[in-house]
Amino acid sequence: MSESINARNISDDEFFYGHKACAGCGGSLAVRMALKVLGERTFLTLPAGCMSAVSFNYPQMSYANNAIISAFASTAAVMTGLAAGAKSLKLDDYHILGIAGDGGTADIGIQALSGMIDRNDKGIYICYDNEAYMNTGIQKSGLTPFGATTTTTPAVGGGKGNIKQKKNLFEIVAAHNIAYAATASVGYIEDFANKVQRASLVQGTSFIHVLAPCPTGWGIDTSETIEVAREVVDTGLWYLAEYYDGEYHLNKRPKEFQDVTHYIKRQGRFKHLTDEDIEHIVESRDKTWERILRNYK
Amino acid sequence: MNDLKFISGDEAFAEGVRLARPQVISAYPITPQTIVVERLAEMVEAAELDSQFIHVESEHSAMMSAMGASAMGVRAFTATSSQGLLYMAECLYYVSGGRFPIVMMNANRATALPWSIYSDQRDSLSQLDSGWIQIYVEDAQEALDMAVQAFALAEKETVRLPVMVNLDGFIVTHTYEPVSIPTQESIDRFLPPRSTWDKLDIENPVSMAFTVGPELNEEFNLLHHKASLNALKEIETIDSEYKEIVGRGYGGALKMYKTDDAEYVLIALGSINALVREEVDRLRSEGIRAGSIAIRMMRPFPTEELAGALKNAKAIGVLDKDISFGYEGTVYTNVNSALVKKGINIASYNFICGIGGRDISPRDIGQCFETVIEGKESKHIKFIGSEVWDDV
């Protein structure tokens, strides 16, 4: 395996710039870092979503590598086609990369993703998860957490906002017996970068689910993205793990969890939640961790 | 030397695709398209065809993976039918707007509900506005030949658009006929490997399939429209090149039969035209100047060619295996629009027929001609088989 990536040895090259993402955007940071790791010989596809909306506005293109938009449901399908084309051309030393949001992956794109993993086509699929359809104006997705107010699950009239838990996307993907899958957070960017590198060494399909705060949708300051993206891991509401060789591996096991209330209260999307609601969130977290500690190495 | 085989329309199409050497094939099974996909899978497995065969999980992904492959600059093929075509509908617009020269076979099949696996043309005609070139063939031989010609047309620099080749479900796809198979050497001469500047290039990275705002979006659509119109002449050029090498040709966007002096003409898409021509011969033997026009290319629409072929016509009828509910058959709408633009003011009738696989008999065609010849019917749209005239 190659040398691990850190702040000193990461490439100075930039492949994603001049785009119009919001200040403090977690998604654009994930894209930038992934391309720094993978380099210029990367064929990238993105569906409808923030990261294509901010970067493909003719004649201002923001990728220095090859990039193409896909239909919303079709990130993985276009990756499959790019990989098949590259194979028939007998290219070598290249990456196939797909980057889609939480809705584009866990909702509308899950069929194509499942098909791609099933075929084990070469490609790294990265889901940047900002926990709602942010590009269209903060609507609920399958990865919106409990209690978040969105424009389609508004916390009005005493409602709690979204009352569903996040889909367990990581384990849904792992259940395909994929060669490599991981969770990550832009708050632990070195961990994310190294997972991108590990994913790139897989012959078939690999998958990374990276949590990426959205100041606009989450109701946080643009300077708080990284802090919040760390805190979600440190509170145990998100976790850093990998799946390979048919087993789950926990990367970071907090000795004790940081205060969930602080994480919740600092975000506008949760500001309506009561102490009881936060208690419910803590209970769900503890249940998840019981399962993780039982099943993960 | 040509090799004569007794095969179905689907198998003939697969043979044509094999000869065209697509580097990527991506398809999802749906009756009555399946045999094309099965034969191609066999050819790839048996190493008769060097191609990446992608087992996609849906038609939507079939079209989008074909787009990914086409974006890499390679030749890509897919096939579908009916609900499958409708399921991938949004992708058709991506592919045509992105100017990806994918070739797709569509087995014309009724659309649910009521559910039916049998043939009509409501599936492809619903996608006339998708920006694809649409070709309709009559038999297995034409299916093979157009499978090959479609790639040449799609990849032509002045066109660069996807091409959909339509075969009437079962009537063409599953009917066995003797089909002459051109040699690989002759097709290689006719159709060299795809070569394009318009692709993702590992040595020269580009962005493709982008967003265009209101200030330029219309220009992109105008270029698309012009490229589509170019296909009207290119199909003739390509066909004559094909004829020179393979020895068989079809002309262009229209196939005219005894139209030079024809006073009464029936116009249709696909396999029903064989029956229409038999009726033309019968009427001619009675001294009636009947004629037939098969529209081989529905998009771009051959307005000039159609008007030219109808210069002596007194009345026409359009057979439509389609109905745009609340109006009329779509082929009829297109034909009438062409006539109006060319100042041709003659009676025209619309015969809705073959819906959901309903049989069309020689007698039915005879009655269509009768109506056109008599010119007494004040209503314009008739559902053949049900004997119901439009009375709106």
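**A walk through chains A and B**

In chain B, strand E2 (residues 24-27), helix H2 (residues 34-45) and strand E3 form a right-handed β-α-β unit; right-handed means that, with the strands pointing away from the viewer, the path from the first strand over the helix to the second runs clockwise. Helices (H or I, at least four residues) and strands (E, at least two) are DSSP runs, numbered from the N terminus. This is a predicted model, in which local features need pLDDT of at least 70 and side-chain atom pairs count only at pLDDT 80 or more, while totals for chains, interfaces and linings use all residues. Residues are numbered from 1 along each chain as its sequence is written, and chains are lettered from A and ligands numbered from 1 in the order in which they are written.

E2(B) and E3(B) pair in the parallel sense over four bridges, where pairing requires that DSSP finds at least two bridges between the strands. Within this pair, Ser26(B) stands opposite Ile54(B) of E3(B). Ile54(B) and Gln52(B) make up the covered face of E3(B), residues 52-55, whereas Phe53(B) and His55(B) lie on the uncovered one.

On the scale of the whole chain, chain B is divided into domain 1 (3-246) and domain 2 (254-389), with bounds that come from an automatic or database domain assignment. Their centres, taken over C-alpha atoms, are separated by 27 Å. Domain 1 of chain B puts 27 residues into the contact and domain 2 of chain B puts in 20; residues are in contact if their C-beta atoms, placed from the backbone, lie within 7 Å. On the domain 1 side, helix H9 (217-246) of chain B is one of the elements that supply at least two residues, and H9(B) gives the most, with five residues.

Between the chains, 38 residues of chain A are in contact with 36 residues of chain B. H3(A) gives the most to the chain A side, with 11 residues. Strand E4 (66-69) of chain A also gives two or more residues to that side. E4(A) pairs with strand E9 (residues 207-208) of chain B in the parallel sense over two bridges, and Ile68(A) has Met208(B) as its bridge partner in E9(B).

Helix H5 (residues 110-119) of chain A has the buried residues Ala112(A), Leu113(A), Gly115(A), Met116(A) and Ile117(A). A residue is buried if 20 or more other C-beta atoms lie within 10 Å of its own, with C-beta atoms placed from the backbone. The elements against which these residues pack include helix H3 (75-88) of chain A and helix H3 (59-71) of chain B. After H5(A) comes Asn120(A), with a positive phi near 60°.

How values were computed
Buried ≥ 20, exposed ≤ 12 C-beta atoms within 10 Å, placed from the backbone. Contact = placed C-beta atoms within 7 Å.
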